[in-house]
Every structure is written in C-alpha cells, then in structure tokens.
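Q: Could we go through this structure together, one topic at a time? I'd like to begin with charged side chains.

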Amino acid sequence: MAIYLAAVIGLAACSPEGLSDLKLPDEDQSVLDPTPWPSPIPSRVLSICLGKEPESLFLYGDLSESAEIIRQAIYDGPIDQINFQFQPIILEEIPSQENGLVSLNQIEVFPGQRLVDAQGNVTILTNGVEFRPSGCSSPECREVYEDQPSIFLDQVSVRFSLIADLLWSDGARVRPEDSLFSYQAAGKVYGSKGPAKLRYAADYQVLEEGEIQWTGLPGYLGIHDYAELFFTPLPEHLLANYTREELLTSPQTTLSPPGWGPYRFLEWVRGDHISLERNDLYRLAEEGWPVFDFLVFRFVKDGQEALAAYASGECDLVANTPDLANYFPDIYTLEERGDLNLISIDQPVWEQISFGVNSLDRSRRLLSDSRVRTALAMCVDKEAIAARRKDAGSIANNLYHPLDPRYSPQNSPLAYQPVEAENILESLGWIDADQDPATARTSGGVPGVPWGTPLQLSLLVPGAEGDSPTAEMIKEQFARCGVAVEIDYQTAAEMLASGPEGPVFGRQFDLALFAWTTGSYPLCQIFQTDEIPGLYPDFPKGWGGANATGYSRESFDQACSTILTSLPDSVESRQEILTVQSIFEEDLPALPLFFRREMLIFRPGLEGLQEGSNLPLVTIEYIN
C-alpha cells in the first residue's frame with residue numbers, strides 16, 4: 001500500500017546491567033609552570049538516554065526517531081515544526097503564495113513528456129491520460145488527452161533562501177549548492193522512489209540570486225506543506241565524488257557527518273553511546289548557545305534500564321524509549337517526590353476504530369447505516385480509555401489534530417452520551433426486547449435485517465489474547481448500550497495483511513482497532529472511493545487500496561481530490577479541508593480515539609524542552 005500503518009511494539013523489561021562509564025577527552029593541562037592556577041571551570045555535560053541506537057547518521061540512510069533526534073543536534077533544523085507551525089531555522093522565511101515565494105505558471109506539455117495526471121500519478125502524456133488543464137481546480141473541468149499537438153498545465157515553483165554566514169563545523173560556508181547537492185544525492189540513493197519532493201520534482205536548481213528553487217512536474221499541485229520541499233544541505237566540498245554505495249556506507253556520512261548545528265561529532269562507541277561536543281562555529285554560539293560543552297546519547301535496551309540509568313545519574317533525560325509507559329507507576333511516584341519532570345509529545349499516530357461500512361461479507365452489513373455508527377460512537381468514552389491507556393495523548397475527533405491550524409472550528413465532537421445512543425438505536429429498530437441490559441439488542445423492524453437479529457459485532461485487534469485494555473473497555477462500553485462485541489485477537493501481520501487474505505484490507509470485518517500514521521498526506525485520502533481494496537479493475541488500486549471501511553461518498557471524494565491536487569494555501573484547498581471534516585463527522589466511517597504520545601523524563605532544573613506535537617528534542621540547542 002502507498003500509505004503505511006503505524007506499528008508500535010513494546011519491548012520487554014530487561015536488566016539494567018551493562019552500562020559503561022563515559023570517558024570524555026582529558027583537559028589539556030600544562031605542568032611547566034608550578035604557580036597555582038584557579039580551578040578550571042568544569043565541563044558541562046548533558047546525557048540523554050535513547051531507547052534505540054541508530055544504524056547510521058546519514059541523512060538518507062536512517063530515518064528512525066533516534067537518528068532524527070541526534071541529527072537535530074548536528075544540523076539544527078533546517079526547518080522546525082512545533083505544534084504544526086513551521087519555523088525557519090537556516091532559511092530566511094517559509095515560502096507561501098502570500099510572500100511571493102510560491103508561483104504558479106502555465107506550461108506547454110507535448111506528447112511523451114512527463115506530467116502528473118488528474119489522479120496525482122506521475123505518467124507520460126499519451127492518449128487516454130486524464131489531466132487538469134491550466135486553471136482547472138475542480139473535477140468537472142478535467143479533460144482526457146486524445147492526439148492534441150500539446151496541452152497546457154499548471155506548474156508550481158517554490159523558492160528558498162539560506163540565511164547568511166552559516167558555516168559547516170569544519171569552517172566551510174554552507175552554500176545554496178549544498179542543498180542542490182543534497183537533492184542530487186537523494187536521487188542517487190532513492191532512484192525513482194523516495195519522498196514526494198523528489199518523485200514529483202521536475203527540477204531543483206540554484207538561481208543567479210542565490211535562491212534555491214524547487215519546480216514540480218507539470219500538473220502537480222498536491223503539495224502538503226511547502227516547507228517539506230527543501231532539501232537539507234549536505235557538504236558538497238567533502239562528498240562531491242561519492243558514489244551511492246559510498247554515501248550509504250562511508251564513515252564520513254554514516255558515523256561522523258559534519259553539520260552546522262549546536263554540536264559536532266566526537267565519537268561513537270557502538271552499543272553504548274555517541275558523544276558530541278559544542279560547535280564553536282554554531283550560528284548562536286556568540287549568544288551562549290548551547291550551554292553544554294558535551295552532549296552524550298547513551299543507548300539503553302528498555303524502560304527499566306533507562307530508569308536505572310536516570311536514577312544513578314548517568315542520564316539527565318530519557319527519550320525514544322517505547323516501553324517507558326510500562327513503568328508509569330514508578331515514574332509518577334518519582335515525579336510526585338520531585339525527583340523528575342515529565343512531559344508528553346503527541347506522535348503522528350492516529351488511533352481509531354474502523355467500521356465495516358461496506359463489507360464484502362454479506363453477513364456483516366449492520367454498520368452500513370451512518371446513524372448506527374454515530375450511536376456506537378456515542379457509547380464510547382474516549383476520555384476514560386485515554387486515562388487508562390498509558391500512551392494516549394490528545395483526544396482525536398476528526399481527520400486533523402486539534403492543534404493543527406487546518407482543524408475546523410466548526411467541528412462538533414460526539415460526546416459520550418450512552419442514553420442518547422440507546423435512544424437512537426431504539427428509533428432505528430434495534431430494540432431491547434427482553435428488557436435485559438445484559439443481552440444484546442435485536443432487530444425489530446430494521447430495514448434489510450431479519451427480525452430478531454442480535455446487534456452483535458466482532459472487533460479485530462492486533463496482539464495476543466487479552467493484550468488490549470482499549471478493546472476490553474470498548475466491549476464493556478458497547479455492552480452498556482446493548483451492543484454485544486466479541487474481541488478477535490490476531491497478529492498484526494495477519495490482521496493487516498493485504499486482501500483478500502487479510503481481514504481488514506480484505507474487507508471482512510465489523511470493527512477493527514488499529515492506528516494510522518499521519519503526517520505528509522491528508523487523512524481523507526484513506527477514505528476515498530478509489531482507495532477501496534478489491535479485485536482489479538472494479539477497484540482501481542486492487543487489493544492495495546487503503547480504504548478498508550469500504551466507505552464511499554461522491555462529495556467527500558471530490559473535496560478530498562481537490563485537496564490532493566491543489567496548493568495547500570489555495571482558497572480551494574482551504575475550503576475543501578473544512579468540507580471533508582464536515583462530511584467525515586456526519587458519515588463517520590471510522591471513530592478517531594486519540595493520538596499516541598511519547599513521554600520524556602528529565603531531571604528537575606533542566607529547561608528548554610518543548611512539549612506538544614513535534615519531534616522530541618526539536619529545541620535541543622536551547623536545553624539548559
């Protein structure tokens with residue numbers, strides 16, 4: 001599938017043994033002059049425990065969270081995203097149509113040339129290709145190419161400008177050409193694949209004025225955020241002649257990459273730690289940042305070892321340790337005693353219950369009515385579930401995070417109202433015939449449902465039997481509304497396998513509890529009609545479609561299509577972002593629960609950490 005599922009796998013608690021002492025370079029001390037000197041100011045060291053050791057620090061070699069955290073210390077930015085707001089770090093400003101750094105131009109395309117078609121696919125212009133002619137912003141104005149000499153499409157260009165006087169840690173100037181070299185290096189590494197900014201790029205160049213310009217393929221307007229189109233500079237003066245293999249394996253790129261950030265590489269002891277030292281050439285060095293002389297990332301096996309290292313003073317801060325939540329009772333006790341501080345960061349992971357709106361199993365059609373789905377949603381107490389779930393962050397109510405500026409102020413989240421839910425079910429013909437709250441409601445005149453059919457559903461859950469407290473709570477809450485639920489635990493690989501074998505993407509389920517990653521694509525995409533999995537050609541994506549619910553509504557498709565094929569700050573895109581949220585809230589093909597969170601613990605007195613929704617330690621230069 002083109003859209004990927006999130007999988008968070010907890011690690012078993014292990015022994016805290018095996019931590020080794022940290023050895024920093026000795027101070028250079030003179031013994032020639034016996035005159036007593038004042039004691040030198042001791043070096044300040046910040047030690048951070050990470051739950052996973054990266055394989056590489058190369059920009060295009062390891063995309064793990066641990067690698068991203070460490071690279072924040074080496075590279076600083078180049079653009080930080082904090083609570084869904086982009087902040088330029090080494091750029092003059094974030095491009096937009098308003099500030100004139102984003103331009104839309106008409107371009108002539110000839111047969112055989114590359115373009116992006118009306119569905120957002122990279123293709124070549126040939127007969128039968130559906131396209132959006134220049135100026136077209138709705139599905140109604142699409143055309144199909146048939147032997148014309150040429151066509152005219154829109155092409156977007158986005159310009160970036162580096163701040164002045166930015167230096168690599170070896171003293172060389174960071175140039176616009178270093179960003180161009182990074183684009184070329186990404187092409188070597190990924191080929192025709194890779195991130196959207198590479199796949200949909202027609203050109204990436206340095207202009208005469210020193211600006212960097214990304215130009216999209218003709219017809220491509222479906223940019224999620226302009227900031228994501230910038231290529232993080234790589235040092236051309238050091239890596240210019242590297243082959244693809246050398247880029248991926250050389251110590252210069254994987255072990256000790258130079259950067260322009262607050263710290264520079266010092267040493268990497270595999271299996272133990274990475275040490276960085278203060279970069280005196282850092283852009284904020286004269287302002288006193290960073291305040292630490294050394295930064296050490298120590299690698300721990302699990303939450304137990306991380307807490308042991310924290311308790312012994314070997315770590316000032318613990319991050320990216322997935323099973324830390326298993327030790328919340330101990331953590332909360334330490335917090336109450338004032339022995340540690342705790343903050344949470346929402347991850348781009350959207351926990352939800354998918355409804356089998358249009359199951360291929362004819363016996364599973366009880367949830368085809370949106371009113372039933374709404375009633376079920378009102379039976380679920382999200383707050384109670386989140387309180388019990390150790391990894392639950394902000395409550396999710398729609399397709400966007402509540403802090404995201406795209407989140408609609410008109411959204412009316414469904415509150416926990418079990419009595420009202422029962423009234424709705426009763427009005428739809430799902431009656432409590434025996435007046436026994438312990439038994440399921442039955443059909444008493446529900447259209448298309450035989451009289452006496454129990455309102456009984458199956459809930460697919462990844463994991464071992466009894467592993468999910470969320471599933472157990474959902475079962476209990478549904479039961480209070482007269483809905484019987486049988487929990488079906490399966491391995492994640494089995495449950496989320498492609499159809500027709502996998503029950504979720506084979507569309508053979510009533511309810512399915514799992515998480516989607518969010519981020520660089522609009523979530524409306526996974527509920528589009530052309531994403532419904534099924535046999536090709538009846539279903540365009542075949543069994544690779546992401547819309548496991550089978551939900552389909554033309555107005556939703558049209559609105560989402562406009563979002564996917566329009567510039568993010570266009571009037572059309574902004575309007576349709578509100579539209580898809582309104583329709584989603586009305587039809588409810590899935591019930592959002594919450595965004596998962598990551599916990600950071602750190603010693604009292606440590607300041608400068610940012611909580612909310614962002615990459616952990618995104619402001620690492622300001623920790624003090």
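A: Let's begin with Arg 389, which forms a salt bridge with Glu 351, the closest N and O atoms being 3.5 Å apart. Please keep in mind throughout that this is a predicted model.

Q: Where in the chain do Arg 389 and Glu 351 sit?
A: The pair links distant parts of the chain, 38 residues apart: Arg 389 lies in the loop between helix H10 (382-388) and strand E17 (392-395), while Glu 351 belongs to strand E16.

Q: And are Arg 389 and Glu 351 buried or exposed?
A: Both Arg 389 and Glu 351 are buried.

Q: Which residues are linked with them in a network of salt bridges?
A: The network joins Glu 351 and Arg 389 with Asp 391 and Arg 596.

Q: How many salt bridges does the count come to?
A: The count comes to 24 salt bridges. One of them is between the side chains of Glu 305 and Lys 301, with N to O at 2.5 Å, and another is between Asp 361 and Arg 364, where the N to O distance is 3.1 Å.

Q: Why does Glu 305 count as buried, and what about Lys 301?
A: Buried means under 20% relative accessible area, and Glu 305 counts as buried because its relative accessibility is 3%. Lys 301, with a relative accessible area of 42%, is partly exposed, and Arg 364 also counts as partly exposed, at 23% relative accessibility.

Q: OK, new topic: how many aromatic pairs are there?
A: The structure holds 19 aromatic pairs. In one of them, the rings of Tyr 204 and Phe 231 have their centres 4.9 Å apart and their planes at 70°, so this pair is edge-to-face.

Q: Where are Tyr 204 and Phe 231 in the chain?
A: They come from distant parts of the chain, 27 residues apart: Tyr 204 is in strand E10 (residues 201-206), and Phe 231 is in the loop between strand E11 (212-216) and helix H4 (236-239). Tyr 204 is buried, with a relative accessible area of 2%, and Phe 231 is buried as well, with a relative accessible area of 0%.

Q: What about the rings of Trp 350 and Phe 584?
A: Their centres are 6.5 Å apart and their planes are at 50°, so the pair of Trp 350 and Phe 584 is tilted. This pair also links distant parts of the chain, since Trp 350 is in strand E16 (residues 341-355) and Phe 584 is in helix H15 (residues 571-587), 234 residues apart. Both Trp 350 and Phe 584 are buried.

Q: Which charged ends sit over rings?
A: The charged end of Lys 197 sits over the ring of Phe 231, 4.4 Å from its centre, and the charged end of Arg 44 sits over the ring of Phe 292, 4.6 Å from its centre.

Q: Back to H15: which of its residues are buried?
A: The buried residues of H15 are Ser 573, Ile 577, Val 580, Gln 581, Ile 583, Phe 584 and Asp 587. What covers them includes E16, helix H9 (370-378), helix H14 (554-564) and strand E23 (590-602).

Q: What span should H15 have, and what follows it?
A: At 1.5 Å a residue, the 17 residues of H15 should span 24 Å, which agrees with its end C-alpha atoms being 25 Å apart. H15 is followed by Leu 588, whose phi is positive, near 50°.

Technical notes: Residues numbered from 1 in each chain as written. Predicted model: local features only at pLDDT ≥ 70, side-chain atom pairs only at ≥ 80, totals over all residues. Heavy atoms only, no water. Phe/Tyr/Trp six-rings, centres within 6.5 Å; stacked < 30°, edge-to-face > 60°. Helix = DSSP H or I, 4+ residues; strand = E, 2+ residues; numbered from the N terminus. Buried < 20%, exposed > 50% of the residue type's maximum accessible area, 1.4 Å probe, protein only. Lys NZ or Arg CZ within 6 Å of the ring centre and 35° of its normal. Salt bridge = Lys/Arg side-chain N within 4 Å of Asp/Glu carboxyl O. Expected span 1.5 Å × (residues − 1). Contact = heavy atoms within 4.5 Å.
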